[in-house]
Amino acid sequence: MASGVTVTEDVVTVFNEMKVRKAQVGEEEKRKRKKAVLFCLSEDKKNIVLEEGQEILQGDVGTTVQDPYLHFVKMLPPDDCRYALYDATYETKETKKEDLVFIFWAPESAPLKSKMIYASSKDAIKKKMTGIKHEWQVNGLEDIKDRRTLAEKLGGQSVVSLEGSPI
């Protein structure tokens, strides 16, 4: 069942910027690339919008943000739903990889109405994000705080490190 919620152009723009990796990009542009971003429903519950101030830039990693994955987990509100895009950098036994992960955050403590509208609006945002290989619905901190869970989503047993930390 669709909720009738629309996805704003800002959301689509951010997704496309995160999806496209230009080979000939300067250091300054790399620093501005988003590592993680949260999306939420607008006040009137009619649009999916970029959540202001809830992002991690590539340039923050190693400076103000030591572990981007743990920082991302802390950004998630403990008692409300969100959609998120996380640009995971990981290593398998064979190669280094980067993949976008679409995360639907619906903690147990979120209000039922919020869970219902986010769940019924998920298809609207997913349709705008073509080419996402990994989708993950998370229902609580226990499910997400251990990076092994994300590593399994990305490549099962073959993943040996996530964000430079061994699994």
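**Salt bridges and nonpolar cores in close-up**

View 1. R148 is partly exposed, with 46% of its relative accessible area (buried is under 20%, exposed is over 50% and partly exposed lies in between, using a 1.4 Å probe on protein chains only). This is a predicted model, so to speak of local features we need pLDDT of at least 70, and side-chain atom pairs count only at pLDDT 80 or more, while totals for chains, interfaces and linings use all residues. Residues are numbered from 1 along each chain as its sequence is written, and side-chain values use heavy atoms, with hydrogens and water left out. The side chain of R148 meets that of D146 in a salt bridge, 3.2 Å from N to O (a side-chain nitrogen of Lys or Arg within 4 Å of a carboxyl oxygen of Asp or Glu). D146 is partly exposed too, at 31%. Searching the whole structure turns up twelve salt bridges.

**View 2. R82 with D80.** Here the side chains pair up in a salt bridge, with N and O 3.5 Å apart. R82 is buried, at 11% relative accessible area, whereas D80 comes out partly exposed at 24%.

**View 3. D99 reaches K133.** The closest N and O atoms of this salt bridge are 3.3 Å apart. The pair ties together distant parts of the chain, 34 residues apart: D99 sits in strand β5 (residues 96-105), and K133 in the loop between α4 (112-128) and β6 (134-138). Helices (H or I, at least four residues) and strands (E, at least two) are DSSP runs, numbered from the N terminus. D99 is buried at 9%, while K133 is exposed at 65%.

**View 4. F72 in the largest nonpolar core.** This core has 24 residues, and F72 and I144 touch the most other members (a nonpolar core is a set of buried Ala, Val, Leu, Ile, Met, Phe, Trp, Tyr and Cys residues joined through side-chain atoms within 4.5 Å). At least two core residues come from each of β2 (34-41), α3 (68-75), β4 (82-92), β5, β6, α6 (147-155) and β7 (159-162). Setting aside neighbours within four places in sequence, F72 is in contact (heavy atoms within 4.5 Å) with A36, L38, I56, A84, Y86, I103 and I144. Apart from this core lies another one, of 23 residues, including V11, V14, V37 and F39.
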